[in-house]
Amino acid sequence: MPTTSTPSRFTAVFRRHPAGVALVTADSGGGPVALTATSVASVSADPPMLMFSVSDASSSSSTVTVADTVVVHLLAAEQLHLAKLGATSGIDRFADAALWERMPTGEVYFRDAPTRIRARTVERVKAGSAWVIVVEALDIDAQEDEERPGRCSSVPLVYHDRGWHSLGDHSRLE
């Protein structure tokens, strides 16, 4: 028999739902911010749009929700350090200047991410205790496998049941 939905039950259910890991950066003029997100999803191919959510509780929320542009970094297992950086509260995520730089257009990005999408915010929707941010991809910088054109050479980073995982050929089901 179904149980009544509560915030704790809802959270517990979604802990068991695996999700790709991304790092979102933004700077609305007060300095750069970063947050780790597992809510990134494609919305439209034409025009190329994606979305992610940001909790009101996030220290980055006030910047991300007003920024005109963001950079969405799709992370590989090798970038676990970036996922942890964006997920850790109370630290200066930009203290190590060797990890990041600014694009010619001004957005902050982390060099190590295999895929970076510079995007313009087109919609902000308040949804409970979070915001859903819809963005249009302006530029995509993606590393590709030289032996398999069009395919990424890195192993994706996935979050599931409060833990980090890699996703690769070892987990493929036919």
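Visitor: How many positive and negative side chains does the protein have, and how far apart are the centres of the two sets?
Guide: There are 16 positive and 21 negative side chains, and the centres of the two sets sit 9 Å apart. Bear in mind that this is a predicted model.

Visitor: What makes the protein as compact as a globular protein of its length?
Guide: Start with the inventory, which is three helices and twelve strands. The radius of gyration is 16 Å, close to the 16 Å that the globule rule gives for 174 residues, so the protein is as compact as a globular protein of that length. Its C-alpha trace spans about 55 × 45 × 35 Å along the principal axes.

Visitor: Why is Thr63 called buried?
Guide: Buried means under 20% relative accessible area. Thr63 has 12%, so Thr63 is buried. This residue belongs to helix H2 (residues 61–64). Setting aside neighbours within four places in sequence, Thr63 is in contact with Ala26, Asp27, Ser28, Gly31 and Val33.

Visitor: And how much of the whole protein counts as buried?
Guide: Of the 174 residues, 34% do.

Visitor: How do you know that the buried residues of H3 are on the same side?
Guide: The residues in question are Leu82, Ala83, Leu85 and Gly86, in helix H3 (residues 80–87). They cover an arc of only 160 degrees around the axis, which puts them on the same side of H3. For background, an α-helix has 3.6 residues a turn, so residues three or four places apart point the same way.

Visitor: Which strands do those buried residues of H3 pack against?
Guide: Strand S2 (22–26), strand S3 (33–37), strand S8 (108–110), strand S11 (157–160) and strand S12 (163–166).

Visitor: Why is Arg162 called exposed, but Asp161 partly exposed?
Guide: Exposed means over 50% relative accessible area, buried means under 20%, and partly exposed is in between. Arg162 has 56%, so Arg162 counts as exposed. Asp161 has 48%, so Asp161 is partly exposed.

Visitor: What is phi in Asp161 and in Arg162?
Guide: Asp161 has a positive phi near 50 degrees and is not a glycine. Arg162 isn't a glycine either, and its phi is positive too, about 65 degrees. Asp161 is in the loop between S11 and S12, and Arg162 is found in that loop as well. Most residues other than glycine have a negative phi.

Visitor: Where is the cis peptide bond, and what is its omega?
Guide: The bond runs from Asp46 to Pro47, with omega near 5 degrees. Pro47 is in the loop between strand S4 (41–45) and strand S5 (48–55).

Conventions. Residues numbered from 1 in each chain as written. Predicted model: local features only at pLDDT ≥ 70, side-chain atom pairs only at ≥ 80, totals over all residues. Heavy atoms only, no water. Helix = DSSP H or I, 4+ residues; strand = E, 2+ residues; numbered from the N terminus. Rg over C-alpha atoms; globule rule 2.2 N^0.38 Å. Buried < 20%, exposed > 50% of the residue type's maximum accessible area, 1.4 Å probe, protein only. Lys, Arg positive; Asp, Glu negative; His and termini not counted. Charge placed at Lys NZ, Arg CZ, Asp CG, Glu CD. Arc of directions from axis to C-beta. Contact = heavy atoms within 4.5 Å.
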